[in-house]
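Student: I have not seen this structure before. Please show it to me, and then I will ask about it.

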Amino acid sequence: QVQLVESGGGLVQAGGSLRLSCAASTNIFSLNTMGWHRQAPGKQRELVATITNGGNTYYADSVKGRFTISRDNAKNTVYLQMNNLKPEDTAVYSCRAGRRDTIGSYIWDYRGQGTQVTVSS
């Protein structure tokens, strides 16, 4: 069983920055894809960004150009650098580990508890 523990959330003013971390209990190179999701109250969970063990990344249009996902395999940690934060970025952010199936759909095998990010206007 892989455990994922997020940290780095908090309260920040609009325009500010935060860096989220996701520490894994295993060698993350063995995890094909790592991703960050977020869920705001009353809204569906949204896939924010992913990174493969080959370094390929994906970003949701809503965060492109502002967020950067990265991974440090030596530290078994994935990061989400969030810049120019907006009030609409307020949500619980969770880290997940998984893979893609033969038709490209994500299968998330593990998830963390999440960390709250609140952006004030």
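Predicted model: local features only at pLDDT ≥ 70, side-chain atom pairs only at ≥ 80, totals over all residues.

Student: How many helices and strands does the protein chain have?

Tutor: Helices (H or I, at least four residues) and strands (E, at least two) are DSSP runs, numbered from the N terminus. Read along the sequence, the pattern is β-β-β-β-β-β-β-β-β-β-β. The count for the protein chain is zero helices and eleven strands.

Student: What radius of gyration does the protein chain have?

Tutor: The radius is taken over C-alpha atoms, and the globule rule is 2.2 Å times the number of residues to the power 0.38. For 121 residues, a compact globule would have a value near 14 Å. The protein chain agrees with this, at 14 Å.

Student: Why is strand β5 described as largely enclosed by the rest of the structure?

Tutor: Buried means under 20% relative accessible area, exposed over 50%, and partly exposed in between (1.4 Å probe, protein chains only). Strand β5 covers residues 46-52. It is largely enclosed because the number of its seven residues that are buried is five.

Student: Which strand joins β5 by three bridges?

Tutor: Two strands pair if DSSP finds at least two bridges between them. Strand β4 (residues 33-39) pairs with β5 in the antiparallel sense over six bridges. The partner that runs antiparallel to β5 with three bridges is strand β6 (residues 57-59).

Student: Which residue takes a positive phi in the hairpin of β5 and β6?

Tutor: The hairpin of β4 and β5 has six residues between the strands, and there Gly-42 takes a positive phi near 75°. The hairpin of β5 and β6 has four residues between the strands. There the positive phi, near 95°, belongs to Gly-55.

Student: Is Thr-50 buried or exposed?

Tutor: Thr-50 lies in strand β5 and stands opposite Tyr-58 in β6. Contact means heavy atoms within 4.5 Å, and the residues that Thr-50 touches include Met-34, Ile-69 and Trp-108. With a relative accessible area of 2%, Thr-50 is buried.

Key. Residues numbered from 1 in each chain as written. Heavy atoms only, no water. Lists of a residue's contacts leave out its neighbours within four places in sequence.
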